[in-house]
Amino acid sequence: MLKTFMGRTILTYVLVIGALLSVVALGMAVRTYHLPDNHQGYEPRQPIAFSHRLHAGELSIDCRYCHTAGDKSRHAGIPAASVCMNCHKFVTATIGAIRAEDQRAEKEQRAPRPVVSPELAKLYEAMGLDDARKPDVNKKADGVVWVKIHNLPDYVYFDHRPHVNAGVACQTCHGSVETMERVRQVENLSMGWCVNCHRQANQIGVQGKSVNASTDCTACHY
Amino acid sequence: MSPNSTDQYWKDPEYAGKAESGNGQVPWTEDAPGEVSRRNFLRAAGFTAAIAAAGCSKAPVDKALPLVTQAEGMAPARSRYYASVCGACEAGCGALVKSRDGRPIKLEGLPDHPLSRGGLCAVGQAALLGLYDSHRFTGPQREGQACDWLEIDRIVLQKLDEIRTAGGAVRLLTSTVTSPTLNGVIARFLARFPDARHLAYDPLSCSAILDAHADTHGIRVLPRYRFDRSDVIVSFDADFLGTWISPVEYAAGYRERRRIEDKPETVSFHVQFESRMSLTGTNADLRYRVAPNESGTVLSVLADLVAARLGAGGAPPPAGGLNTVPAKVLEDLAARLVTVPGKSLIISGSQDIAVQRLCNTLNHILGNYGSTLDIAEPSYQKQGRDSGFVTLLDELTSGKVNALIVAGVNPVYELPEGQILAESLDNVDLVVYCGERPNETSGHAGLICPDHHFLESWGDVEAVCGIAALRQPLIRPLFNTRSLLDSLNVWAETPASAYDAIQGHWQEHIHPRTDGADPFQTFWDRTLHDGWARVKPETAAAPTFRGAGKSLADGSASQDDFTLIAYPKIGLLDGRHAYNPWLQELPDPVSKVTWDNYACLSVAAAKESGVKEGDIIRIEGRGLGDALELPAHIQPGQHDRVVAVALGYGQETTGRFANIGPQWILSHPSVGGNGLVGIRVHGLLVRENGCLRYERTGLRVTRTGETAALASTQTHHTITVPERLAPAGGLRRPIIQETTLDAYRANPHSGSHAQHDEYKPLFPDDHPKHGHHWAMAIDLTACTGCSACVIACQAENNVPVVGKDEVRRRREMHWLRIDRYYSGEGDEIDVVHQPMLCHHCDNAPCENVCPVLATVHTQEGLNAQVYNRCVGTRYCENNCPYKVRRFNWFRYRYDDPVENLALNPDVTVRSRGIMEKCSFCVQRIQDAKYEAKRRQEPLVDGVILTACQQSCPTQAIVFGDLNDPESLIARLVQSPRHFRVLEEIDVRPSVGYLTLVRNRMGEREVEHHG
């Protein structure tokens, strides 16, 4: 009798705990549930810890300084490594690291050594440069393989041209990238979200100008 | 036959005039080429379950790989266009190459090119697949083993040195070389040896024309034929709109004289005498069936009649008359010819030098030299000398040749002496093969020097005297290849890059032929940008006619024997593009058969010998060796004593197509019993006076009793309304409207049916188009049926290749097809070509049956197909009156990573279970609209060219915005010739056609009701 009761108690506990765990698991699943192909909140680690907060925010570099094709091609484009070198040919580390090296050199009474931040070293490596940042024939220039964040399905043909030329701010779709240390997909990029904006734009215009934002299927699907 | 019905036009001779089967159209039958066994069913079921289980996985992480160094002006996903020269054949048409993200993805016609005038043929456009062909040589080989270029050069130079010191013979075998620089390098290379010669032959030879000019004009020359200057064109077996010498150039010129609205007074008159049904014959104003051995006689009678009228002597016509052509026809023709001195053109496709000499004489007495035949600035498109190869073969078999370099050609396959040649190659010390891919000849070569594709290399072309063109590389070579120019330069011990060699040659030889107004660099840069430049001819004086005897040996074939005609087929030509699946699946414009060659018999001949479509027949005769067994195809309009078989089939390289198309339990391979596509007939060619002849007399045709199913599309997607489905009391309008030029001049509305019954829509037009309203018009008078548009569409829209078996099941995927209708009876027929594509109906029947709104109308009048919504019910396909929707029965193969580079990134690759169809190239429309917005300019008419329109050699297709009153399309819609197909069912299509106008003399005029 006791044995049966004991067995039942344990069984009850196990079942209750199991049920609680299921509820927790379900709750977590519901919280993070996305429709297929919706990657809202996607924030992958990139091969180089490039900070948009620093470049676009603190240094106020225009988006299109690097993403040059936004107004003239479908893709705004991820900058070629050579674009980084416009500055990073000379800027090889943070000002803090360089000052620290200067102070250390002063203390040790020697010429300061060149300082290269570990992240920028990855860039130079990807471009096949040697220590003097000159092309090294023995190294392969494979480029930087970034992880794509804003990724639409293959049957969607989004074009940056009409949006950028109509004056739609980059942040409308990409969020406040200039505040992000690591870029995250802010909007869900679903069709409903696109169409809502198109309908709104047709009513209220973009930046005070009236626009003709098509809601035809063929605007994006072909 | 009632003139006021659809019965006038039919597609398939077997069903012509049979009312019970829907008026000349084939009833739909479900053919089951095989049975499903229980075991196979279970196997497939299990496989499906396994695939379904494996299909669940996480979304993959996508990578983005930008450039390392940003090129100036380059933006990702933005197409750039470069002018170049098409290298698919020797015609030298201008090509505009679309390059995206560093790789060429489309070949188009180069606007304003003096030869091709903006057109590009099916073969030229399909040549893109030749670049992305993973079966190409990937690097040099020595005795079948991969090696490097240094080793090749070491061996070649060493052997050549030995030959030079021993005084041995070096031979270079190529097809026609139109590159001035390459000709220069060849001369420099050969000059290093005491006994060295360059021999050029053309697989589709025009040697007799050149030899005849050597007789009559004292210079071996191919005239440049000017169809744009000809009032009267008389062609004997020359398929100049399809496959003869330079079809795009000729079709564009021909079209210039077919501008019915703009210049009705200059419309040319074209008579075709031919033995098989060629594409050119289908377009002729008058066409007569003539046996191949009789065409010389007809020409001779015509020449006599013309000479008599011009008072230049000439024998009286034969007393008994001719077998096939009424005497009056030739008399009328002669009368017409003499009224247009210097404005007629007599051409012959014959390889009989006597016939060609007669042709020259007739052209001379008509005053055509200097106007419609240009020999002062002649064509270099065919330079081959057939007799040269015979000499070479003699030398080879007797072991007199020490080194043979074969470049670009495949003589073992292409020439009748292939087998002898192959055996004799073993006697040669050094056999080098320079070419793109393995073939019958390369297997006998010790050294393989893989050549670049023309999109990978620098080059120059002077296809016609005075038009010098530059070819530029669009991509770095995909494989370890080297151009022939580079190779010969290395072996001549004057190594220079192809670029330097060409620039050097142009500086020295081409630039002095300009007027010298621009310095060389300016001239070079401009030519590179434009793709071509006009220069002065090398020699100033035009050769003059010096007369020639015109003895003509009459053919003496018995009445019962058949003559075999080996003809080049559009797409395959001489077989050099047999590797190309697009061209293999391109329906022949006349027979509509894909993936095979076959023996064409006329309706009467087939009836007489009891042959039905698809019966395997045996062709045998004297000296033929093994009998030829081929499936029969009944070809109305062919001469009754002719059996025509296409060249270019049965090549080793087609073995790769064994598994093309979806592989499933009922699939059959696309290759025949020999493991290849079709059967080689090049072995049946004969030589006469050194000239390669494409006809062979004295053959018998018998049935073998076996049958084979040809993959013919001629009865697929039939749109004629059967009688039982016609609107009650209403008329079934013909799908074609045609008239004659005389009738058109009298009444521009002639041939039109719209005047008889106006259909008033029941509901008001409640969907007005406010912005653009896209529409298309196709001029049936201009359309020659050449099928360039079909390949253009395939390349632009990523249309998959399905293979022979799926074509047999009516599952070909071409968005644009060309319907070919016959009218008339038996073999005395007229032909109409009608390109058929999605009509983008404003009242589209497909749209309201779609349960998931996957096909909807846009505000600009497009009938959109949304792939991601489609669930594949196929209701729309059922309800489409034009039968232009295509269903993806399978996920077609995209497993070749090299070939996939040819895909257009601007168009979705469709998956299984999805309906697809013509989108009016909406990707081009969107791109042009965005570009206009960016430049803040209005969208100008003519900026958007659909793929089919862009490459049309005759500009038959016009696309534009109906809401723009200035646009060409808006004017064409108002034309009295404009009509819409199946207008009576009130679907309001956006595609219209312009009535076909034939330039006919009295007798054969089409009767018109009204």
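1. Strand 1 of chain A and strand 2 (residues 63-64) of chain B run antiparallel and are joined by 2 bridges. Two strands pair if DSSP finds at least two bridges between them; strands (E, at least two residues) and helices (H or I, at least four) are DSSP runs numbered from the N terminus. Opposite B:K63 in strand 2 of chain B stands A:V147.

2. This is a predicted model: local features need pLDDT of at least 70, side-chain atom pairs count only at pLDDT 80 or more, and totals for chains, interfaces and linings use all residues. Residues are numbered from 1 along each chain as its sequence is written, with chains lettered from A and ligands numbered from 1 in the order in which they are written.

3. The contact between the chains (C-beta atoms, placed from the backbone, within 7 Å) takes 34 residues from chain A and 30 residues from chain B. On the side of chain A that touches chain B, helix 4 (81-88), strand 1 (146-147) and helix 7 (160-166) of chain A each give two or more residues.

4. Within chain B, strand 12 (residues 269-274) runs parallel to strand 13, with 4 bridges between them. B:V271 has B:L286 as its bridge partner in strand 13 of chain B.

5. From strand 13 (residues 286-289) of chain B, B:L286 and B:Y288 point one way and B:R287 and B:R289 the other way. All are buried, that is, 20 or more other C-beta atoms lie within 10 Å of their own, against 12 or fewer for exposed and in between for partly exposed, with C-beta atoms placed from the backbone.

Key. Contact = placed C-beta atoms within 7 Å.
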